[in-house]
Amino acid sequence: MAICQDIQLEPEALKCLDPDPEPVQFLNALLAKQLFPDAVRFLARALPKREATWWACLCARSAIDSASKPEVVKALEAAEQWVYKPTEPNRRLANSAAHAASFENAAAWAAMAAFWSDGSMAPEDAPSVPPADNLTSKAVAGAVMLAAVLIQPEKAKDKYLFFIAEGIDIANGGNGRVWQPT
């Protein structure tokens, strides 16, 4: 499957690619084997960049609470702002906010997904340096995986399943806001 050429998949996930399944079949095989990080990487790469970034925002939002640092909240808000209005100033704002939040949280990676979606990675007054096409998906996967494991890691499996359901909803034209049992 061409979309998997620039995704770092585990050997067990690579076995699911034989014989060249349809994307839905591949994702279902990954889920059946509980290869959740690989399923996240695949879905992050399969979604269009803006939709993938929205997915990262939804997952990062679930990791925000009253103890979250203001810089982390601002990074998430900057990423969401870019999704709502994908302009160059919003893309640059997401980059600044991501760096201010450090990279130990899902919100910073959601913001980097926005920044790496288009444009140039170089400063505004420098020659253009476009990001590699797969950088957004790497940042999205990082955001989703961090959101799944950082808070209450013992619930990671349930969070992965919920987050992947959100991503699938987005892939099917939804807004990703699926019902979650409490």
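**Starting from C57**

C57 is buried, with a relative accessible area of 1%. For burial I use these cut-offs: buried is under 20% relative accessible area, exposed is over 50%, and partly exposed is in between, with a 1.4 Å probe and protein chains only. This is a predicted model, so to speak of local features I need pLDDT of at least 70, side-chain atom pairs count only at pLDDT 80 or more, and totals for chains, interfaces and linings use all residues. Residues are numbered from 1 along each chain as its sequence is written, and side-chain values use heavy atoms, with hydrogens and water left out.

C57 lies in helix α4, residues 49–62. Helices here are DSSP runs of H or I with at least four residues, strands are runs of E with at least two, and the numbering goes from the N terminus. Which residues does C57 touch, not counting those up to four places away in sequence? They are L76, A79, E80, V83 and A110. Contact means heavy atoms within 4.5 Å. As for distance, C57 and A126 are 69 residues apart in sequence, and their C-alpha atoms are 29 Å apart in space.

Now the chain as a whole. It has nine helices and zero strands. The radius of gyration is 16 Å, close to the 16 Å that the globule rule gives for 182 residues, so the chain is as compact as a globular protein of that length. The radius is taken over C-alpha atoms, and the rule is 2.2 Å times the number of residues to the power 0.38. Along the principal axes, the C-alpha atoms fill a box of roughly 50 × 40 × 30 Å.

Of the 182 residues, 46% count as buried. Among contacts between residues at least 6 apart in sequence, 55% join residues at least 24 apart. The chain exposes about 9,400 Å², and carbon and sulfur atoms supply 55% of that area. These areas come from the Shrake-Rupley method with a 1.4 Å probe; for residues, only the protein chains shown count as cover.

On charge, there are 17 positive and 22 negative charges, and their mean positions are 3 Å apart. Lys and Arg count as positive, Asp and Glu as negative, and His and the chain ends are not counted. Each charge is placed at NZ of Lys, CZ of Arg, CG of Asp or CD of Glu.

Next, helix α2. In α2, residues 23–32, the residues F26, L27 and L30 are buried. Seen down the axis of α2, its buried residues fall within an arc of 95°, so they line one face of the helix. The arc is that of the directions from the helix axis to the C-beta atoms. What do these buried residues pack against? Their partners are α1 (11–15), α3 (36–46) and α9 (156–171). The face turned away from the buried side carries the exposed residues V24 and A32.

Q34 follows α2, and its phi is positive, near 55°. Two other residues with positive phi sit in loops. S102 has phi near 65° and is not a glycine; its place is in the loop between α6 (88–100) and α7 (106–115). S102 is partly exposed, at 30% relative accessible area. Q152, also a residue other than glycine, has phi near 55° and is placed in the loop between α8 (135–149) and α9. Q152 counts as partly exposed at 38%.

Helix α9 also holds G167, which is buried at 0% relative accessibility. Leaving out residues up to four places away in sequence, G167 touches L43, L47 and W55. G167 and L58 are 109 residues apart in sequence and 9.4 Å apart in space, C-alpha to C-alpha.

I will finish with two arginines. Is R92 buried or exposed? R92 is found in helix α6 and counts as buried, at 15% relative accessibility. Beyond four places in sequence, R92 touches F115, S120, A122, P123 and E124. The C-alpha atoms of R92 and M112, 20 residues apart along the chain, are separated by 9.6 Å.

R41 lies in helix α3 and is partly exposed, with a relative accessible area of 21%. With residues up to four places away again not counted, R41 touches I7, Q8, A141 and M145. R41 and T87 are 46 residues apart in sequence and 26 Å apart in space, C-alpha to C-alpha.
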